Amino acid sequence: SHNAGFFSLENTLSVALDYLRTFPVLITSICILLRELIIIQSSPFTKDYRDIYKTIQTFQDSRISVKIASLVGWTFVYQKLVETCRGSYVTIGSQK
């Protein structure tokens, strides 16, 4: 693998997408069951060899919500992901 030893958000999303696509989105008159991905990560950066923004768009098109808890602080691409995918982004330890 090109990024052995480094965190890859794109790879994480791709693997999760393959798995989450096996679950249908159930919509009834009573409730909507949506697919959601929760990421807990401790890397201040992501090393991606494919277009992360294309993968983020695929998540948005698939209506998968993404929530991220970061142990090391704020990162632009993580914020972009949760904004695009109706999620939330928390940085642990930075709460006042």
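Mentor: Helices (H or I, at least four residues) and strands (E, at least two) are taken here as DSSP runs, numbered from the N terminus. On that basis the protein chain has three helices and five strands, and from the N terminus on its elements follow the order α-β-β-β-α-β-α-β. The model is a predicted one, in which local features need pLDDT of at least 70 and side-chain atom pairs count only at pLDDT 80 or more, while totals for chains, interfaces and linings use all residues. Residues are numbered from 1 along each chain as its sequence is written, and side-chain values use heavy atoms, with hydrogens and water left out.

Let us begin with α1 and α2, whose axes come within 9 Å and cross at roughly 30°; such axes are lines fitted to C-alpha atoms, for helices over the stretch in contact, with angles from 0 to 180 degrees between N-to-C directions. The two helices, α1 and α2, are therefore roughly parallel to each other, the classes being roughly parallel under 35 degrees, roughly antiparallel over 145, roughly perpendicular from 65 to 115, and oblique for the rest. The crossing of α1 with α2 is left-handed, a term used if the near helix is turned anticlockwise from the far one by less than a right angle, with right-handed used if it is turned clockwise. On the α1 side, Leu9, Glu10, Leu13, Ser14, Ala16 and Leu17 meet Ile52, Thr55, Ile56, Thr58 and Phe59 of α2, where contact means heavy atoms within 4.5 Å. Sorted by class, the residues joining α1 to α2 are seven nonpolar, three polar and one charged; Ala, Val, Leu, Ile, Met, Phe, Trp, Tyr, Cys and Pro count as nonpolar, Asp, Glu, Lys and Arg as charged, and the others, Gly among them, as polar.

Helix α2 (residues 52-61) also packs against α3 (residues 76-84), with axes that come within 9 Å and cross at roughly 25°. Here too the helices are roughly parallel, α2 to α3, but their crossing is right-handed.

A nonpolar core is a set of buried Ala, Val, Leu, Ile, Met, Phe, Trp, Tyr and Cys residues joined through side-chain atoms within 4.5 Å, and buried means under 20% relative accessible area, exposed over 50%, and partly exposed in between, with a 1.4 Å probe and protein chains only. In the largest nonpolar core, which has 19 residues, those touching the most other members are Leu9, Leu13, Leu37, Phe59, Val66, Ile68 and Leu81. At least two residues of this core come from each of α1 (9-20), β3 (35-41), α2, β4 (64-70) and α3, and α1 gives the most, with five residues. Phe59, leaving out residues up to four places away in sequence, touches Leu13, Ala16, Leu17, Leu37, Ile64, Val66 and Cys85. Across the whole chain of 96 residues, 36% are buried.

Arg63, in the loop between α2 and β4, has a phi near 55°, a positive value in a residue other than glycine, and with 41% relative accessibility it counts as partly exposed. Arg86 belongs to the loop between α3 and β5 (88-91); although not a glycine, Arg86 has a positive phi of about 50°, and its relative accessibility of 44% makes it partly exposed. Gly87 lies in the loop between α3 and β5 and is partly exposed at a relative accessible area of 31%. Leaving aside neighbours within four places in sequence, Gly87 is in contact with Ser65, Val66, Lys67 and Val82, and its C-alpha atom is separated by 9.1 Å from that of Leu37, 50 residues apart along the chain.
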